[in-house]
Amino acid sequence: MATEKINLTAPEEPVGINTAAEDTETTTQEILSVTDNTEVDADLEENAEDQIESISDNIATLGQEELIALFAEELATKPIQRLRPVVEAIKIAFYKRHRATIEAERKAFVEAGGQESEFTPSENDYEERFKQLLSDYRTARDKYIAEQEANKEANLRTKLQIIEELKELIGSDETLNTTFQRFRELQQRWKDTGLVPQQNVKDLWETYNLYVENFYNFIKINKELRDLDLKKNYEAKLSLCEQAEELTLDSQIVETFRKLQKLHDEWREIGPVATEYKESLWERFKEASSRINKRHQEHFENLKAEQMKNLALKEELCQKAEALATRPMVARKEWDSASEELLEIQKVWKTIGFAPKRDNNRIYERFRAACDKFFELKREFYAGQKSEMEHNLAVKQELCAAAEALSLSEEWKEATDELIALQARWKQAGPVARRHSDAIWKRFRAACDKFFERKAAHFASQDSQHEDNLKLKQALLAEMKEADIKAGGFEAIKEFQRRWSQIGFVPIKHKDALQKEYKSIVDAMFATLRSSERDRSMSRFRERVSSMKGGAQLRSERERLFNKVRQLEQDIALLENNIGFFSKSKNAEVLIADVREKIERTKRDMAELIEKINLIDEEEARNN
């Protein structure tokens with residue numbers, strides 16, 4: 001059925017005879033002001049990343065058979081339009097397990113003496129069952145899409161028929177009540193009819209609104225009925241304004257945007273209001289819509305920026321993994337060290353979120369290829385290590401004999417240097433077979449320990465100075481406990497630290513306890529200073545909260561503080577993940593100590609923010 005394509009520029013909607021000029025509403029202009037007045041097939045493109053994150057921890061623990069069972073269950077119980085992200089996650093996990101199974105079989109075959117070129121994977125019906133489920137899923141999804149398109153075409157035909165009936169209604173000879181009732185029925189049918197193809201939406205709405213306007217021009221609605229209809233429309237649109245304004249306070253940005261689209265659909269379905277209310281109502285509704293649209297746009301811009309940041313981090317990890325795969329290594333120690341580095345890189349990879357959708361699979365395949373290449377080269381290296389291990393065992397047996405000969409020496413300096421040299425040669429000798437490793441190491445260590453224990457006993461008489469140092473440090477600790485740190489401030493703490501460092505060593509048996517007590521006292525000093533500053537800060541904040549006018553300011557301040565708390569929680573999680581990454585780095589102890597200090601400092605900041613939120617809650621309770 002053909003329809004006329006009407007080119008309108010801000011058309012008005014007449015509401016009665018002789019008053020069309022003053023009681024109209026710019027319905028088409030309102031419709032075109034909405035960013036996208038049709039609902040997208042969101043069911044087919046749900047937020048895939050959120051869904052994958054919610055099930056990834058569970059999927060990561062499942063084997064092939066369990067993944068197939070989960071796939072079958074999801075296919076049988078969930079709507080087909082919501083399954084795509086889940087299916088993709090299951091598929092990635094399944095083929096990862098499948099490749100791991102084949103690789104394990106290949107490794108076992110080669111280790112048993114077989115030629116790798118002759119290896120054939122064992123028969124496994126898991127993959128055939130999985131492919132059948134994939135086929136069933138694609139068939140069902142294609143059917144669903146076809147049904148949706150067919151429904152849209154049917155809805156288009158229905159709406160075109162409604163327009164034809166509306167055209168026939170104009171100029172009808174029926175009574176006023178009958179004609180108006182038929183008009184309302186056509187409006188309700190139009191509203192109840194679902195989505196149409198996107199390419200037809202604009203022309204269809206323009207044509208429909210033209211004939212609605214023409215109906216109001218030709219139908220003789222009496223003044224009382226017209227005023228009643230305008231009042232009802234005013235109340236309905238006023239309610240939509242209030243709902244839109246309430247949505248601006250909702251923190252669920254994506255869901256809020258979807259709800260706004262539904263409100264715009266309802267706005268279009270409502271008829272005109274009196275001229276004096278038309279512009280003010282529309283401006284109020286448009287203002288709330290603009291705020292929500294801006295938040296929605298900012299949300300996705302921030303999400304895109306975060307994904308680009310994740311992509312940059314993952315590209316850096318790919319470069320590190322590729323560098324490891326190309327690093328020349330000739331010793332088992334080098335390979336073991338590189339393996340630990342790669343495992344730490346993989347741990348860091350897991351803590352990084354998704355990259356942009358167009359790059360996510362590509363960057364993952366690049367990273368996996370680098371890891372696969374590294375471990376393949378490592379397997380090749382270890383395949384030729386057996387004879388080298390036998391040579392290393394003979395070298396280490398010679399080193400054990402030399403260390404045992406030195407263990408009874410009383411030439412302390414010369415013997416110490418020779419043992420240190422033997423230990424250096426031991427480290428360079430390379431690994432031995434696992435069945436000999438523990439025994440040969442215990443033999444060598446026993447010889448070294450015997451010498452150094454004898455040496456320690458010999459020099460025990462030289463510890464009198466350490467006892468004097470112990471008394472000096474104990475006296476300094478007593479002085480620190482009695483000090484008024486609030487008066488001296490940070491400079492007083494620094495002076496105590498300087499004096500402590502100038503005192504020499506103490507007996508080893510007192511070292512840890514003494515250092516622990518010193519650290520505890522210094523920490524308490526810093527805590528006292530921080531507590532004083534924190535009390536002043538909380539007092540200033542309490543005064544500021546008391547001066548806030550109205551619940552809106554309090555809620556805005558609370559939301560700002562709450563968002564900071566959530567950000568600090570994320571910072572703490574990232575710092576804790578990074579501790580493992582730093583553990584194998586040079587100067588690891590210094591780096592880890594610095595990270596732990598940052599974590600404690602962040603936790604203190606978060607506790608202060610939570611206390612401020614509680615103050616706001618108390619203030620709101622008093623106001624109510």
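How many aromatic pairs does a search of the whole structure find? The search finds 21 aromatic pairs, where the rings of Phe, Tyr and Trp (for Trp, its six-membered ring) pair if their centres lie within 6.5 Å, and where planes under 30 degrees apart count as stacked, over 60 as edge-to-face and the rest as tilted.

**View 1. The F94 and Y95 rings form an edge-to-face aromatic pair.** The centres of the F94 and Y95 rings are 5.3 Å apart, with 90° between the planes. F94 is buried, its relative accessible area being 0% (buried means under 20% relative accessible area, exposed over 50%, and partly exposed in between, with a 1.4 Å probe and protein chains only). Both rings belong to one aromatic cluster, which is formed by F71, F94, Y95 and F130.

*Notes for every view.* This is a predicted model, in which local features need pLDDT of at least 70 and side-chain atom pairs count only at pLDDT 80 or more, whereas totals for chains, interfaces and linings use all residues. Residues are numbered from 1 along each chain as its sequence is written, and side-chain values use heavy atoms, with hydrogens and water left out.

**View 2. The whole chain has 20 helices and 0 strands.** Helices (H or I, at least four residues) and strands (E, at least two) are DSSP runs, numbered from the N terminus. Of the 624 residues in the chain, 36% are buried. When contacts (heavy atoms within 4.5 Å) are taken between residues at least 6 apart in sequence, 79% of them join residues at least 24 apart.

**View 3. Helix α3 (residues 64-77) and helix α4 (residues 84-111) cross at roughly 160°.** Two packed helices are described by the angle between their axes and the distance between the axes. Here the axes of α3 and α4 come within 9 Å (axes are lines fitted to C-alpha atoms, for helices over the stretch in contact, and angles run from 0 to 180 degrees between N-to-C directions). The crossing angle makes α3 roughly antiparallel to α4, given that angles under 35 degrees count as roughly parallel, over 145 as roughly antiparallel, 65 to 115 as roughly perpendicular and the rest as oblique. The crossing of these two helices is left-handed, a term used if the near helix is turned anticlockwise from the far one by less than a right angle, with right-handed used if clockwise. On the α3 side the contact involves Q64, L67, I68, L70, F71 and E74, which meet V86, V87, I90, A93, F94, R97, H98 and T101 of α4. By class, the residues of the contact of α3 with α4 divide into 9 nonpolar, 3 polar and 2 charged (Ala, Val, Leu, Ile, Met, Phe, Trp, Tyr, Cys and Pro count as nonpolar, Asp, Glu, Lys and Arg as charged, and the others, Gly among them, as polar).

**View 4. A93 of helix α4 is in contact with I59 and L67 when its neighbours within four places in sequence are left aside.** Leaving aside its own neighbours within four places, I59 is in contact with L67, L70, A89, I90, A93 and R97. The C-alpha atoms of I59 and L70 are separated by 8.9 Å, and these residues are 11 apart along the chain.

**View 5. The axes of α4 and helix α5 (residues 126-169) come within 12 Å and cross at roughly 165°.** That angle makes α4 roughly antiparallel to α5, and the crossing is left-handed. From α4 the contact draws on R84, V87, I90, K91, F94, Y95 and H98, and from α5 on Y126, E127, F130, K131, L134, Y137, R138 and R141. The contact of α4 with α5 has 8 nonpolar, 1 polar and 6 charged residues.

**View 6. E242 is placed in helix α8 (residues 223-247).** E242 is partly exposed, with a relative accessible area of 43%. From C-alpha to C-alpha, E242 and A288 are 9.1 Å apart in space, while they are 46 residues apart in sequence.
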